[in-house]
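Take a look at the model below.

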Amino acid sequence: MVNASPVTIEIESMRVTDLAQVMEIEYASFTTPWSELSYRQELLFNPNGSYFVARPARADSIEAAPKFFWRKFFSSSSRQIRAAEPVVGYGGFWLVVDEAHISTIAVNPAWRRRGIGARLLIAMIERARALRAETVTLEVRVSNAPAQSLYRKYGFEIAGTRPRYYNDNGEDAFIMTTPRIQTDAYRIRLQHAINILA
Ligand SMILES: CC(C)(COP(=O)(O)OP(=O)(O)OC[C@H]1O[C@@H](n2cnc3c(N)ncnc32)[C@H](O)[C@@H]1OP(=O)(O)O)[C@@H](O)C(=O)NCCC(=O)NCCS
């Protein structure tokens with residue numbers, strides 16, 4: 001789905017019950033995917049991890065979800081309808097002292113270019129600010145122009161390179177880092193970005 005209309009998104013903490021859907025997106029998004037066990041361990045045993053899922057708000061889910069979501073999940077009770085909202089993206093970070101290190105972010109290929117990655121990134125930066133992190137950092141493949149473009153929009157800049165960081169093809173990683181996120185200047189920049197997405 002290229003340059004489709006933006007979608008109203010709800011961001012929630014990731015739960016173990018989300019992992020089946022998370023893993024579908026993981027396998028569709030990465031050549032060296034994490035295992036479900038890795039995610040489970042992050043959720044259950046890593047006190048420094050913060051993980052989120054994105055779901056379309058209900059009206060968007062009804063309009064935009066593939067038909068099988070209707071058939072499989074929608075029925076009369078509102079509780080079941082709530083449960084039917086699919087996970088369309090996710091992201092997470094580790095807090096390491098005063099630095100938030102984004103460990104993963106991905107959006108279902110069918111839902112890309114609708115502002116979901118941006119929403120997830122903003123949610124992570126906001127949580128990192130709440131946890132008193134000073135900066136947010138991550139590694140990204142040098143060939144991954146879409147992700148780099150996303151990160152640049154929110155102030156990340158290339159701070160260095162990790163040679164041959166990726167095992168599958170020996171590709172280098174760029175280290176990308178925000179300016180200090182606790183400053184008023186960054187808070188205003190983030191708020192501006194949120195207003196544009198709203
Ligand atoms: C990177 C990723 C999470 C972006 O998710 P998304 O929901 O499509 O992103 P958004 O719609 O919020 O786009 C936000 C911005 O990112 C950039 N961007 C996203 N996709 C892009 C693309 N295909 N080409 C160029 N820029 C792109 C743009 O700057 C875009 O802003 P714009 O729409 O105003 O131009 C998604 O492409 C993905 O899951 N990729 C595979 C996994 C991955 O590479 N994760 C990053 C690992 S470091």
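This is a predicted model. Its largest nonpolar core holds 36 residues. Phe-52, Ala-54, Tyr-90, Ile-116, Leu-120, Met-124 and Ala-128 have the most contacts inside that core. H6 gives the largest share, six residues. In soluble globular proteins, nonpolar side chains tend to be buried together.

Now follow Leu-120. Leaving out residues up to four places away in sequence, Leu-120 touches Ile-11, Phe-52, Ala-54, Gly-89, Gly-91 and Ile-105.

Helix H6 (residues 116-130) also meets helix H8. Their axes come within 11 Å and cross at roughly 145°. The crossing is left-handed. H6 contributes Ala-118, Arg-119, Ile-122 and Ile-125 to the contact. H8 contributes Leu-190, Ala-193, Ile-194 and Leu-197. Seven of the contact residues are nonpolar, none is polar and one is charged.

Zoom in on Leu-190, in helix H8 (residues 184-197). Which residues does Leu-190 contact, leaving aside neighbours within four places in sequence? They are Ile-122 and Ile-125. Ile-125 lies 65 residues away from Leu-190 along the chain, yet their C-alpha atoms are separated by 8.7 Å.

Why does Leu-190 count as partly exposed? Leu-190 has 18 C-beta neighbours inside 10 Å. A buried residue needs 20 or more, and an exposed one has 12 or fewer. Leu-190 therefore falls in between, as partly exposed.

Terms used:
Residues numbered from 1 in each chain as written. Predicted model: local features only at pLDDT ≥ 70, side-chain atom pairs only at ≥ 80, totals over all residues. Helix = DSSP H or I, 4+ residues; strand = E, 2+ residues; numbered from the N terminus. Contact = placed C-beta atoms within 7 Å. Axes fitted to C-alpha atoms, helices over the stretch in contact; angles between N-to-C directions. Left-handed = near helix turned anticlockwise from the far one by under 90°. Nonpolar A, V, L, I, M, F, W, Y, C, P; charged D, E, K, R; others polar. Core = buried A, V, L, I, M, F, W, Y, C linked by C-beta atoms within 7 Å.
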